[in-house]
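These are my notebook entries on a few places I looked up in one structure. Each entry takes up one spot and what I read there.

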Amino acid sequence: MSYRWVYSEPERTEAVDLLQGDLGVPLQIARLLALRGVNTFDQARLFFRPGLDLLHDPFLMQDMEAAADRLSRAVRNNETVLVYGDYDVDGTTATASMLLFLREFGVNALYYIPHRFKEGYGINREGIQHAEEAGASLIVSVDCGITALEEAKLAKEKGIDLIICDHHTVGDEIPDAVAVLDPKRPDCSYPFDGLSGAGVAYKLISATVQRLGLPDTVASQYLDLVAISIASDIVPVVDENRVLMREGLKLIASGSRIGIKTLLELIKVDRSTISTSSIVFSVGPRINAAGRMGDAGIAVELLIADTENEAILRAQELDSINRDRRDLDARTMEEAMAMLEREYEMESISSMVLHDPGWHLGVIGIVASRLVDAHYRPAIMLSTVDGMIKGSARSIKGFNIYEALRKCEDLLVQYGGHEFAAGLTMEQEQLPEFRRRMDEIAGKDLSENDFQPELAVDAEISLDMVDAKFWKLLSQFEPFGPGNQRPIFVSRGVSVQGTPTIVGNGHLKMKLSQNGSATFDVIGFNMHDYMPLLRNPNGSRIDVAYMLEENFWKNRRSIQIHLKDIHLG
């Protein structure tokens, strides 16, 4: 898929020259800083050297005083506490960190994570009943609970205190609980509202540690779990998330948590080079697979494992589940693509609404995202569960899928989500009209240009700029993630050296140089479609959009070009 290259522009263009002079860095590095809102020498110093001293006081969060008081009382009195989590990576890492913290002090801490398909998301009556039967006097929810109005009342009726730790959007009413921690609360003055669910749980741990009169290191030992949640939940890697991520990656690299260390060894990820992308593409999917395919508890058991045998067993189990999930992904994607080819003319549709009663709910969201990547149209994948059609929707820039579903709410039993992703339920007989109306809405809202994706470019550079000094400066921009994505560069009039090849499952591999520069190894994942362009006699000089990465191979480090797009020069 070819992209329209759109050059990003900093809000304060004058900052580029100022930063170049004050820092003594190349103009392009100064531009990258300004694009990220770093406009002064002091801001640059903090950006390049984020430390734990930059974290906000947890007691700035609404209800934190009450939450820390109640949890520290539970610790001192050795109460039975139920940690109520969610089945995704953010929820399982948050559950593990809270469990480990409480158990460190001898608290009888249990956990409950609802089954994705049998119970669905959030606090439910079954979980509260489980807490009552276990003799819990306190429930601490993590990564869920902000909409649990009736469930909070039920817990109160049963005499069970409830602390809610969440980071999702707040509704019109706040649950009646001992404390409701959510930086998105309208009445919360906490300086940063982009925390992950595990991040909010960490702030509660940090505040409780202060209440107990203990050193901050008691809390910071859980930052490896927070880092995994930040990367996997796609929250912005800015402000204190950048600090939490950076410190968490250091902990992962140290190998201090046996479950994470064992999983990395099993999947052959070098923990000394662990990064946001390592988590997103290797660690996160395996932890997430447990909840997607059934029992998220397996992921929690890996993260809290305290023996090598337990860690090996759980890591192998997760890796096996993930292989099954990938096979199911691939099969479902093949079926969806075949359905598109059989039933639709892509040039004549503005959205893709596909239904198969046998599709697995745990993978249809992933497949919908891949359909968007392949055809750049809103995609809705639907299955049938107990006679009802349920599904996942994914969208493209310029089309708010949640608002589109709202326009179809007379056809739906339930729906929810945000601009780019949503879930929905409907009765079977509504499907034809829903399919017709969604395509009509997308056709009205989207123009021809909207169906060609944009690629945001940070800067144009020449390849002879890319040397060890440039790479050292660029590497200090890590950790990367939303709000601080790995920069995308463009180089024009680049020459292909030798013969491009296809490796692995459709990946493009070649070498590039520019006007006598060094020659760089290039990898373009799933970019085999570009091979005819590169074999064209007129295609030896091309314009490329790419990211720079460090490649490790046989104890040799080199700068590698990670290709994003190619245009004819």
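Entry on a proline. I found P479 in the loop between α19 (468–475) and β14 (489–503). I take helices as DSSP runs of H or I with at least four residues and strands as runs of E with at least two, numbered from the N terminus. The peptide bond that runs from E478 to P479 is cis, its omega being near 0°.

Note on the source. I am reading a predicted model, in which local features need pLDDT of at least 70 and side-chain atom pairs count only at pLDDT 80 or more, while totals for chains, interfaces and linings use all residues. Residues are numbered from 1 along each chain as its sequence is written, and side-chain values use heavy atoms, with hydrogens and water left out.

Entry on positive phi. I looked up D63, which sits in the loop between α3 (41–48) and α4 (64–76). D63 is not a glycine, yet I read a positive phi of about 75° for it. Is D63 exposed, partly exposed or buried? Its relative accessibility is 23%, so I wrote it down as partly exposed; buried means under 20% relative accessible area, exposed over 50%, and partly exposed in between (1.4 Å probe, protein chains only).

I then turned to N515, in the loop between β15 (507–513) and β16 (520–524). N515 also is a residue other than glycine with a positive phi, near 50°. At 65% relative accessibility I noted N515 as exposed.

Entry on N449. I located N449 in the loop between α18 (431–445) and β12 (454–457). Its relative accessible area is 48%, so N449 is partly exposed. I also looked up R4: the C-alpha atoms of N449 and R4 are separated by 9.3 Å, although the two residues are 445 apart along the chain.

Entry on two helices. Two packed helices are described by the angle between their axes and the distance between the axes. For α5 (residues 89–104) and α10 (residues 223–232), I read axes that come within 8 Å and cross at roughly 165°. The axes are lines fitted to C-alpha atoms over the stretch in contact, with angles from 0 to 180 degrees between N-to-C directions. I therefore call α5 roughly antiparallel to α10 (angles over 145 degrees count as such).

Which residues of α5 and α10 make the contact (heavy atoms within 4.5 Å)? I listed V89, D90, T93, A96, S97 and L100 of α5, and L225, I228, S229 and S232 of α10.

How values were computed
Parallel < 35°, antiparallel > 145°, perpendicular 65-115°, else oblique. Contact = heavy atoms within 4.5 Å.
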